[in-house]
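Colleague: Before I use any of these labels, I would like to hear how each one was reached. Please show the structure and then take my questions in turn.

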Amino acid sequence: MSPANMRNANSPAPEPEFIPGLELSRRFYTDAVRPLLEEAAPGVPHSAARIGTGSEVLGYDTPRSTDHDWGPRLQVFLHRHDVPRHAARIRHVLTEHLPKTFLGHPTRFSPPAGHRVEVTSTAIWFTDTLGFDPAQGITPADWLATPTQLLAEITGGAVFHDGLHTLTPLRRALRWYPHDVWLYVLAAQWQRVAQEEAFVGRCGEVGDELGSAVTAARLVRDLMRLCLLMDRRYPPYGKWLGSSFARTAAAPRLTPVLTAALAATDRHTREQHLVHAYEIVAHQHNQLRLTDRVDPATRAYHSRPFQVLRADRFARALTARITDPVLKDLPPAGAVDQFADSTDVLMRPALCRDLVRAVQHTRREHRTPSPLPSVPAPRQHRSSPHRPHASG
């Protein structure tokens, strides 16, 4: 064997050409999965989609994404009554006959998962994923107990075939909050800003520049999420927050301002940039015309030398427009991922729903409002809301 041939024999196999995950899964369904479905269950209607977890569902996957838990995968949905009749046979046929690779990418994931073609019904899949079946209606409790990351994953992705004629309407129903829920979630996000906007200056005043910077970073994150909510976009989790924010209407003006606030090394410069950011976002609020105009100018925080927006004014204006008496009477905690950010909680629908139920009961103890709709379990220290700025 020549030296050149020896080098070729010992060199690693070339990496397959990167194909965005949604397109890869679409081709996988069309060329590999659908023919096997027709063989295993001829005439049985189904829908097929790539929704749920994965960077490709949000359109953010890159060649870096392919190093783990990535590849051709999708969901196949059957009518509920067809699942016990046909799902096991379909799974068996897929396991036996799907190619080991597709367009150069492995179709088998780490054991015991095997291939990643789920065969289920929409009722089972949505209940396991969200904790409720949207086909049965979506209550305010359902909306508030569902992290925005999950809503982004379910309304993102792509439907490849909707033979059941149910998957597309379900995704459309989840596309965005009902108006009163949107007002409530926006009010809660403004309230988060109100609770900490004075702390950037207060921390710096006592020589705690690190604490001031950390608070500023939290406020930047809250403003980014607020802009996404105002744009009717579900804020994703941290890895893709900046990528998603870059697509908002406010991003061209706000990005350099927020970046400067994060880069500032003293509280005065930090505050200067945040003040600019507050006023940009306040103007955007007024452009939505969801409330009467709220003065977008910043002001001193009581007699202290800190410039703030008093963002609670925007929270109150939004709450005043809520017509649902149950939502109107809730504390401004918002949706579950506005007051909890533990990944281990937000990945578990039952825990999310327990948290929302706890907020409901806390409010009931104080004011005994009409109860929030019940939150059945699925099958499977911020400042007080009444005190936007703590003393001290």
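Modeller: One definition to begin with: a crossing is left-handed if the near helix is turned anticlockwise from the far one by less than a right angle. By that rule the crossing of helix 8 and helix 14 is left-handed. Bear in mind that this is a predicted model.

Colleague: Why are helix 8 and helix 14 called roughly antiparallel?

Modeller: Helix 8 and helix 14 pack at about 165 degrees, with 7 Å between their axes. Angles over 145 degrees count as roughly antiparallel, and the pair therefore gets that label. On the helix 8 side the contact includes Leu-183, Leu-186, Ala-187 and Trp-190, and on the helix 14 side Phe-314, Ala-315 and Leu-318 are among the partners.

Colleague: What makes the arrangement of helix 8 and helix 10 antiparallel?

Modeller: The cut-off is again 145 degrees. The axes of helix 8 (residues 179-196) and helix 10 cross at roughly 165 degrees and come within 10 Å, so these two helices are roughly antiparallel. Their crossing is left-handed. Among the residues making this contact are Trp-182, Val-185, Leu-186 and Trp-190 of helix 8, and Leu-219, Leu-223, Leu-226 and Met-230 of helix 10.

Colleague: How do you know that the length of helix 10 agrees with its number of residues?

Modeller: Helix 10 covers residues 209-230, which is 22 residues. At 1.5 Å a residue it should span 32 Å, and its end C-alpha atoms are 31 Å apart, so the two values agree. After helix 10 comes Arg-232, which has a positive phi, near 60 degrees.

Colleague: Why is the pair Arg-270 and Glu-209 called a salt bridge?

Modeller: The rule asks for a side-chain nitrogen of Lys or Arg within 4 Å of a carboxyl oxygen of Asp or Glu. For Arg-270 and Glu-209 the N to O distance is 2.8 Å, so the pair meets the rule. Arg-270 belongs to helix 13 (residues 267-288) and Glu-209 to helix 10, so the bridge ties together parts 61 residues apart in sequence.

Colleague: Is Arg-270 buried or exposed, and how is Glu-209 classed?

Modeller: Buried means under 20% relative accessible area. Arg-270 has 2%, so it is buried. Glu-209, at 27%, is partly exposed.

Colleague: What makes Asp-292 and Arg-321 a salt bridge?

Modeller: The limit is 4 Å, and the side chains of Asp-292 and Arg-321 meet at 2.9 Å, N to O. The pair links distant parts of the chain, 29 residues apart: Asp-292 is in the loop between helix 13 and strand 9, and Arg-321 is in the loop between helix 14 and helix 15. Exposed means over 50%; Asp-292 has 56% and is therefore exposed. Arg-321 has 36% and counts as partly exposed.

Colleague: Why are Arg-357 and Asp-354 said to be about one helical turn apart?

Modeller: An α-helix has 3.6 residues a turn, so residues three or four places apart point the same way. Arg-357 and Asp-354 are three residues apart in helix 18 (residues 349-367), which means about one turn of separation. They form a salt bridge, with the closest N and O atoms 2.7 Å apart. Arg-357 is partly exposed at 24% relative accessible area, and Asp-354 is partly exposed at 38%. Elsewhere, salt bridges with shared partners join Glu-23, Arg-26 and Arg-27 into one network.

Colleague: How many salt bridges does this rule give?

Modeller: The count comes to 19.

Notes:
Residues numbered from 1 in each chain as written. Predicted model: local features only at pLDDT ≥ 70, side-chain atom pairs only at ≥ 80, totals over all residues. Heavy atoms only, no water. Helix = DSSP H or I, 4+ residues; strand = E, 2+ residues; numbered from the N terminus. Expected span 1.5 Å × (residues − 1). Buried < 20%, exposed > 50% of the residue type's maximum accessible area, 1.4 Å probe, protein only. Axes fitted to C-alpha atoms, helices over the stretch in contact; angles between N-to-C directions. Parallel < 35°, antiparallel > 145°, perpendicular 65-115°, else oblique. Contact = heavy atoms within 4.5 Å.
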